[in-house]
Amino acid sequence: MILSRICTIDEVDQVIKDFLPYIKEGTLIQLTGNLGSGKTYFVQRLAKFLNINGPIKSPTFTIVKSYPFKLNDFQGVLHHMDAYRLEDSDDFALFEDVFNNENGISIVEWPIFVKDEIDKSSLSTIHVKINYTDDMDERQYIIE
């Protein structure tokens with residue numbers, strides 16, 4: 001396990017700071033959590049640390065949004081995928097860049113719906129789980 005922490009929305013940046021050293025070229029982040037748990041917010045905050053300017057919006061309807069980034073000497077493309085609507089799909093050719101992003105970072109929300117594609121990918125995988133806690137103002141972040 002990389003880290004496990006319970007925090008408020010105001011403390012998510014510290015979770016990301018602690019997580020950043022584990023992100024390398026060719027990393028695929030599987031981002032799981034219930035609806036409304038803060039998956040897209042996590043991506044938005046991560047994008048800030050990757051020096052991505054402009055709004056980061058959920059790719060629910062476009063499936064994938066891509067953003068160039070630069071972090072120190074590491075530059076590439078961040079692919080942000082929301083696979084929720086792909087539950088009954090088997091045509092992933094349009095999304096090949098997400099699963100073969102060896103020079104960047106890919107983040108997949110709802111990875112269960114593209115599990116076979118992730119399993120075939122040669123990218124290094126990190127799991128980020130966001131869970132509700134008893135306090136509705138807090139979330140548990142488990143990164144492994």
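Is Asp13 buried or exposed? With a relative accessibility of 17%, Asp13 counts as buried, where buried means under 20% relative accessible area, exposed means over 50%, and partly exposed lies in between (1.4 Å probe, protein chains only).

## Basis of the report

The structure is a predicted model, in which local features need pLDDT of at least 70 and side-chain atom pairs count only at pLDDT 80 or more, while totals for chains, interfaces and linings use all residues. Residues are numbered from 1 along each chain as its sequence is written, and side-chain values use heavy atoms, with hydrogens and water left out.

Side chains of opposite charge can pair when their charged atoms come close. A salt bridge is defined as a side-chain nitrogen of Lys or Arg within 4 Å of a carboxyl oxygen of Asp or Glu. Six salt bridges are found in a search of the whole structure.

One of them joins Asp13 to Arg45, with 2.8 Å between the closest N and O atoms. This pair links distant parts of the chain, since Asp13 belongs to helix α1 (residues 12–19) and Arg45, 32 residues apart from it, to helix α2 (residues 39–49). Helices (H or I, at least four residues) and strands (E, at least two) are DSSP runs, numbered from the N terminus.

Asp13 also forms a salt bridge with Lys48, the closest N and O atoms being 3.3 Å apart. Here too distant parts of the chain are linked, for Lys48 lies in helix α2 and is 35 residues apart from Asp13 in helix α1. Lys48 is partly exposed, at 43% relative accessible area.

Asp119 and Lys115 form a salt bridge whose closest N and O atoms are 2.7 Å apart. The two residues are separated by about one helical turn, because they are four residues apart in helix α4 (residues 115–120). Lys115 is partly exposed, with a relative accessible area of 44%.

His79 is placed in strand β4 (residues 74–82) and counts as buried, at 10% relative accessibility. Apart from neighbours within four places in sequence, its contacts (heavy atoms within 4.5 Å) include Val64, Ser66, Asp97 and Ile105. His79 and Phe95 are 16 residues apart in sequence, and their C-alpha atoms are 9.7 Å apart in space.

The side chains of His79 and Ser66 make a polar contact at 2.6 Å. A polar contact is a pair of N or O atoms within 3.5 Å; within protein, one must be able to donate a hydrogen and the other to accept it, and residues adjacent in sequence count only if both atoms are side-chain atoms.
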